[in-house]
Amino acid sequence: QSTLVIAEHNNGKLTPITLNTVTAATKVGGEISCLVAGSQCAKVAEEVSKIAGVKKVLLADNDAFKGFLPEAITPLVLATHKRFNFTHIMAGATAFGKSVIPRVAAKLDVSSISEIIGVKDANTFIRTIYAGSAVQTLISEDKVKLITVRGTAFEAAAMGGSAEVGQAPAEGVSNDKSSFLGQELSKSDRPELTSAKCVISGGRGMKNGENFQLLYKLADKIGAAVGASRAAVDAGFVPNDMQIGQTGKIVAPDLYVAVGISGAIQHLAGMKDSKVIVAINKDPEAPIFQVADYGIVQDLFQAVPEMTELVGKN
Amino acid sequence: MSGLRVLVGCKRVIDYAVKIRVRPDKMGVVTDGVKHSMNPFDEIAIEEAVRLKEKKLASEVIAVSCGPPQCQETLRTAMAMGADKSIHVEIDLATYEKMSPLHVAKLLSKIAQDNKVDLILLGKQAIDGDCNQTGQMTAALLDWPQATCASSIEKTNGDIKVVKEVDGGLETVKVKLPAVVTTDLRLNEPRYATLPNIMKAKKKPMEKKKPVDYGVDIDPRQKVVSVEDPPTREAGQKLDNVQDLVTKLKEQGLLTS
């Protein structure tokens, strides 16, 4: 058994989901190597070398990896696999991991396994289908298993390791099929949604984008991230990257506060693994109350400012 | 240059509004007598292809669906929305249920080559298996570039510029044609098929094929062990006021910062 974990990062810092992916790899068993591909990313390789459980770090520092395009990363992963012959290749189930893993899988003529939430043994994995409405256990019969990992389903690996850093076989990597033109990332001082300990989300009940300020105020007081239901995104209140649910992000924080969200199946799929769920909605029949640990049947425009006021007091 | 030849994948799935029920034998979900529709992301793909045609950027839109005979209804819908013709790759239900995205990608890549396609538009994922693989795999098999989760597509000379939905916001890439693009929710709002167009679609050509016609083996690589209900959450308590809520949350150490 040996697993290659493809690290995700921005050339300066490691993306936390890589740590959850390493934990999933640990559950498979065997030696874990980590591939760090990017441009000017030696710092990340050093960070990765300190993850407990990682035996080897393979660094590929090349301008061809600018933008982390799958057309450039795929040949690198294939060359690395050819040299080391892994039994498993894994990445986090993010935009990056989802774009690379299936591409590599098809090149190796294997089926890939998306967004696992559990590892039963080296060949048997658990994942959800129909937006979390059913849980599927499957056995992969392929010689190499190509897997993306749902970050919220695995603990983050601890730091404290000391892996050796070597070079990945990156010679001859080039990409003339695609180019990276730029990105527009939402800037925020709040924690990132998928790794936040506490998430506050707004739905159609927020009525407009400006009213999300109410949630931001509460969020800043308790160090929470802010999300939204698809209804709020569709209505144009907030951008799509805030969307939680089947077609958006999956979160599982310690505390999830759903504000003005009715609780469509599509939304529940994205948050029902949260430890404690609070629902604030003026409709006592809203389905969100069926999954909430604590429900407040009240107008959110009163309840949220009141909560913001009270959380600061002892 | 002449217009693009566009291939669009249309998967038939359980309608998004249907409540999913696990089968008593725990090997799948109940599909008998359940309303099916076109995968919503594929509807967006068809819409985008038809818009490219309306802008004279595409010359022909071909819809394809792999699966049991009922997929033909899905293809009629695609043609009623504006696809020019369609290809049904017929696969019996028992075999189809064991297929994975790799098999579909192999079929799509062969169909794309046979039909000299310049652009393949697919939904980013199907809402049944939630795999999000077919587009990337098809691109890999053809050795074409891929742009996943598109929220805007713009054709330039020999390239397309795609704005993609990524975790922290948006990303813009340029990919050379031929290419595979997968669609995300904000790309467009699919039209409803009008009655005259539904009638017209009945006369549009539909090719019927089998996987063997494309030399693609569809032997399963994965075995489903079980399909079960997710753990359920018990409804908790309704509290009378926000004060009680804050007290409870503080007691549990959930409002620490």
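**Exercise 1. Determine how far helix H2 (residues 71–81) of chain B is enclosed by the rest of the structure.**

Solution. Helices (H or I, at least four residues) and strands (E, at least two) are DSSP runs, numbered from the N terminus. A residue is buried if 20 or more other C-beta atoms lie within 10 Å of its own, exposed if 12 or fewer, and partly exposed in between, with C-beta atoms placed from the backbone. By this criterion 8 of the 11 residues of the helix are buried, so H2(B) is largely enclosed by the rest of the structure. The buried residues are Cys71(B), Thr74(B), Leu75(B), Thr77(B), Ala78(B), Met79(B), Ala80(B) and Met81(B). After H2(B) comes Gly82(B), with a positive phi near 135°.

The model is predicted: local features need pLDDT of at least 70, side-chain atom pairs count only at pLDDT 80 or more, and totals for chains, interfaces and linings use all residues. Residues are numbered from 1 along each chain as its sequence is written, while chains are lettered from A and ligands numbered from 1 in the order in which they are written.

**Exercise 2. Identify the contacts of Ala63(B), leaving out residues up to four places away in sequence.**

Solution. Two residues are in contact if their C-beta atoms, placed from the backbone, lie within 7 Å. Ala63(B) touches Leu75(B), Ala78(B) and Met79(B), and also Val8(B), Cys10(B), Ile46(B), Ala83(B) and Ser86(B). Together with Val36(A), Val6(B) and Val8(B), Ala63(B) touches the most other members of the largest nonpolar core, which has 126 residues. Such a core is a set of buried Ala, Val, Leu, Ile, Met, Phe, Trp, Tyr and Cys residues joined through C-beta atoms within 7 Å. Another core, of 65 residues, lies apart from it and includes Ile261(A) and Val22(B).

**Exercise 3. Describe the overall build of chain A.**

Solution. Chain A contains 8 helices and 15 strands. Of its 314 residues, 58% count as buried. The C-alpha trace spans about 60 × 40 × 40 Å along its principal axes.
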